[in-house]
Amino acid sequence: MAATWAVRAGLGVVVFTLSLEVLARVCRRSRSGSKGVLKEVIFFPTKVACVEHVFMPAYQCPCLLQHGVETSFARLLRHILSANSTLDLCVFAFSHMDLSRAVLALHARGLVIRVLTDKDYAGITGSQIGLLLKAGICVRSDSGAVHMHHKFALVDGRRVITGSLNWTMTAVQNNKENVMVTEEPDLVTPFVREFQRLWEANDPERLRRTTAPL
């Protein structure tokens with residue numbers, strides 16, 4: 001009997017040791033898999049400073065604001081302007097002129113821009129949506145019965161910028177807000193799917209067909 005218990009105890013130690021080794025390998029693999037993946041959190045309100053250096057690094061802006069400061073807003077702009085091929089923007093309120101300037105700059109570079117916004121806020125005073133439409137950027141307004149309250153952007157389909165921040169001056173300079181920026185695939189992919197779902201659901205041609213009289 002004593003020998004049997006000794007064998008069982010020995011096997012238990014072996015199994016426990018192997019379990020610890022497997023767990024350690026999984027943890028190491030998880031850490032190495034995430035190594036180098038962009039993960040950044042930005043808090044607002046931002047410090048008020050000139051952001052011309054973000055748009056035109058060589059330009060010496062004569063304004064009276066502080067220059068060369070890497071504020072929260074400057075960091076957000078850099079992430080947006082880092083796009084190389086596409087920018088998908090899904091935002092409730094959009095009235096910040098420098099954010100509009102960044103989107104228009106990407107459009108001028110030939111990037112494919114898609115903007116999805118809330119139908120009730122697209123036409124309010126100060127909204128930048130009209131300027132985007134005038135520039136030829138494809139914009140769709142959500143037609144649902146409730147507000148399209150998302151605030152996220154997809155850069156090249158592989159980086160998501162999301163959080164509580166509306167794209168307004170008040171949110172950027174006055175409110176306590178947060179923005180998360182990441183290229184973690186498990187987090188980016190659901191946003192890609194959600195944007196595509198809403199984009200297709202608000203296709204004007206599709207809406208015309210569904211509302212046309214029989």
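**Briefing: cavity, pocket, folds and salt bridges**

The largest cavity holds about 50 Å³ of space. A cavity here is a set of points, on a 1 Å grid over the protein atoms alone, where a 1.4 Å probe fits but cannot get out. This is a predicted model: local features need pLDDT of at least 70, side-chain atom pairs count only at pLDDT 80 or more, and totals for chains, interfaces and linings use all residues. Residues are numbered from 1 along each chain as its sequence is written, and side-chain values use heavy atoms, with hydrogens and water left out.

**Overall make-up**

- The protein has eight helices and seven strands. Both are DSSP runs numbered from the N terminus: helices are H or I with at least four residues, strands are E with at least two.
- Of the 214 residues, 38% count as buried. Buried means under 20% relative accessible area, exposed means over 50%, and partly exposed lies in between (1.4 Å probe, protein chains only).
- The protein exposes about 12600 Å², and carbon and sulfur atoms supply 60% of that area. Accessible areas come from the Shrake-Rupley method with a 1.4 Å probe; for residues, only the protein chains shown count as cover.
- Among contacts with a separation of 6 or more, 71% come from residues 24 or more positions apart. Contact means heavy atoms within 4.5 Å.

**The cavity**

- The count comes to one cavity of 30 Å³ or more. A volume is the space filled by probe spheres set on the grid points, which are joined across faces, edges and corners.
- The lining of the largest cavity includes Leu-76, Phe-152, Ile-161, Trp-167 and Val-179. Lining residues have an atom within 4 Å of a point.
- Strands β5 and β6 each supply at least two residues of this lining.
- The cavity lining divides into seven nonpolar residues, two polar and one charged. Ala, Val, Leu, Ile, Met, Phe, Trp, Tyr, Cys and Pro count as nonpolar; Asp, Glu, Lys and Arg count as charged; the others, Gly among them, count as polar.

**The pocket**

- The largest pocket has a volume of about 190 Å³. A pocket is an open set of points with protein on both sides within 12 Å along at least five of seven lines.
- The lining of the largest pocket has 16 residues, and Ala-49, Val-51, Leu-65, Asp-98 and Gln-173 lie nearest its centre.
- Helix α6 (residues 169–173) gives the most to this lining, with three residues.
- The pocket lining divides into nine nonpolar residues, four polar and three charged.

**A covered helix**

- Helix α3 (residues 72–81) is mostly covered, with eight of its 10 residues buried.
- The buried residues of α3 include Phe-73, Leu-76, Leu-77 and Ile-80. Leu-76 also lines the largest cavity.

**Backbone features in loops**

- A cis peptide bond runs from Phe-44 to Pro-45, with omega near 15°. Pro-45 sits in the loop between β1 (39–44) and α2 (52–55).
- Asp-156 is not a glycine, yet has a positive phi of about 60°. Asp-156 lies in the loop between β5 (151–155) and β6 (159–163).
- Is Asp-156 buried or exposed? Asp-156 is buried, at a relative accessible area of 17%.

**Salt bridges**

- The structure holds nine salt bridges. Each is a side-chain nitrogen of Lys or Arg within 4 Å of a carboxyl oxygen of Asp or Glu.
- Glu-52 and Arg-101 meet in a salt bridge of 2.6 Å, N to O. This pair links distant parts of the chain, with Glu-52 in helix α2 and Arg-101 in helix α4 (residues 97–108), 49 residues apart. Glu-52 is buried, at 17% relative accessible area, while Arg-101 is partly exposed at 28%.
- Asp-88 pairs with Arg-114 in a salt bridge, the closest N and O atoms being 2.9 Å apart. Asp-88 is in strand β2 (residues 86–91) and Arg-114 in strand β3 (residues 112–118), 26 residues apart. Asp-88 counts as buried at 11% relative accessibility.
- Arg-159 forms a salt bridge with Glu-183, with the closest N and O atoms 2.8 Å apart. Arg-159 is in strand β6, and Glu-183 is in the loop between β7 (177–182) and α7 (185–201), 24 residues apart. Arg-159 is buried at 14% relative accessibility, whereas Glu-183 is partly exposed at 22%.
- A network of salt bridges links Arg-158, Arg-159 and Glu-183.
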